[in-house]
Amino acid sequence: MQLEKYMIPCLSKTLFGIECLGCGFQRALLLLLKGEWRMKRIKVIIRNKQYVKPQGLENEFRVDQWSPVGNPFHIDEKTSHDQVCDQYEEYFHKMLLRKDLSARVFQNYLDLIIKAIKTHGTVELYCWYGPKRCHAETIKRYLLEKISLS
């Protein structure tokens, strides 16, 4: 069941992207009516590959430039780190709408991460910039939103 179909639209979420107490109350009430008494605690952790090496576990995913969801934009003398992150956010949302092969690979990789979240409750995303602002934050926001709405 898609919970968002039954929720009253929220002005705070629409304007600022932040859910209010009413959003949480609605979700809790709908889950209660659906018979789901406990929600699994979901965590998406961004790790810096320079300092923490992946162990090869099912809930670890590379999101660096060599992964299907990697950032194709690069920092140079004309482009700042924040600009690259902003460019990736636009690119990310466009990739979700496209139907070509590279977009399907991109979307399938995200689906694989979502499946791991549903199985393990926690996933780790490995990139090169965390804990600084990173394109992985865009991926994390998307994953958490998808999971909360499913």
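In helix H4, the residues Ala103, Phe106, Gln107, Tyr109, Leu110, Ile113, Ile114, Ala116 and Ile117 are buried. Here buried means under 20% relative accessible area, exposed means over 50%, and partly exposed covers the range in between (1.4 Å probe, protein chains only). The model is predicted: local features need pLDDT of at least 70, side-chain atom pairs count only at pLDDT 80 or more, and totals for chains, interfaces and linings use all residues. Residues are numbered from 1 along each chain as its sequence is written, and side-chain values use heavy atoms, with hydrogens and water left out.

H4 spans residues 101–120 and has 20 residues. Helices (H or I, at least four residues) and strands (E, at least two) are DSSP runs, numbered from the N terminus. From its first C-alpha to its last, H4 reaches 28 Å, close to the 28 Å expected at 1.5 Å a residue. The expected span is 1.5 Å times one less than the number of residues. Gly121 follows H4, and its phi is positive, near 85 degrees.

The structure holds seven aromatic pairs. Rings of Phe, Tyr and Trp (its six-membered ring) pair if their centres lie within 6.5 Å; planes under 30 degrees apart count as stacked, over 60 as edge-to-face and the rest as tilted. One of the pairs joins Phe61 and Tyr109 edge-to-face, at 5.9 Å centre to centre and 90 degrees between the planes. Phe61 lies in strand E2 and Tyr109 in helix H4, so this pair ties together parts that are 48 residues apart in sequence. Both Phe61 and Tyr109 are buried.

Tyr88 and Phe92 make a tilted pair, because their planes stand at 50 degrees, with ring centres 5.9 Å apart. Both residues lie in helix H3, four residues apart, about one turn of the helix. An α-helix has 3.6 residues a turn, so residues three or four places apart point the same way. Tyr88 is buried, with a relative accessible area of 0%. Phe92 is buried as well, also at 0%. Tyr88 and Phe92 belong to one aromatic cluster with Phe73, Tyr91, Phe106 and Tyr142.

Charged contacts form another set of links. Side chains of opposite charge can pair when their charged atoms come close. The structure holds seven salt bridges, each a side-chain nitrogen of Lys or Arg within 4 Å of a carboxyl oxygen of Asp or Glu. Among them is the bridge between Lys49 and Asp64, at 3.0 Å from N to O. Lys49 lies in the loop between strand E1 (43–48) and strand E2 (60–62), and Asp64 in the loop between E2 and helix H3 (81–97), so the pair ties together parts that are 15 residues apart in sequence. Lys49 is buried, with a relative accessible area of 10%. Asp64 is buried too, at 1%.

Arg133 bridges to Asp86, with the closest N and O atoms 2.6 Å apart. Arg133 sits in the loop between strand E3 (122–127) and helix H5 (136–149), and Asp86 in helix H3, so parts that are 47 residues apart in sequence are tied together. Arg133 counts as partly exposed because its relative accessibility is 30%. Asp86 is partly exposed, with a relative accessible area of 39%.

Helices H3 and H5 also hold the two partners of a further bridge. The side chains of Glu89 and Arg141 meet at 2.9 Å, N to O. Glu89 is in H3 and Arg141 in H5, 52 residues apart. Glu89 counts as partly exposed at 24% relative accessibility. Arg141 is partly exposed, with a relative accessible area of 43%. Salt bridges that share partners also join Lys49, Arg62 and Asp64 into one network.

Thr79 is placed in the loop between E2 and H3. At 16% relative accessibility, Thr79 counts as buried. Leaving aside neighbours within four places in sequence, Thr79 is in contact (heavy atoms within 4.5 Å) with His74, Val84 and Gln87.

Leu15 is found in helix H1 (residues 11–16). Leu15 counts as exposed, at 55% relative accessibility.
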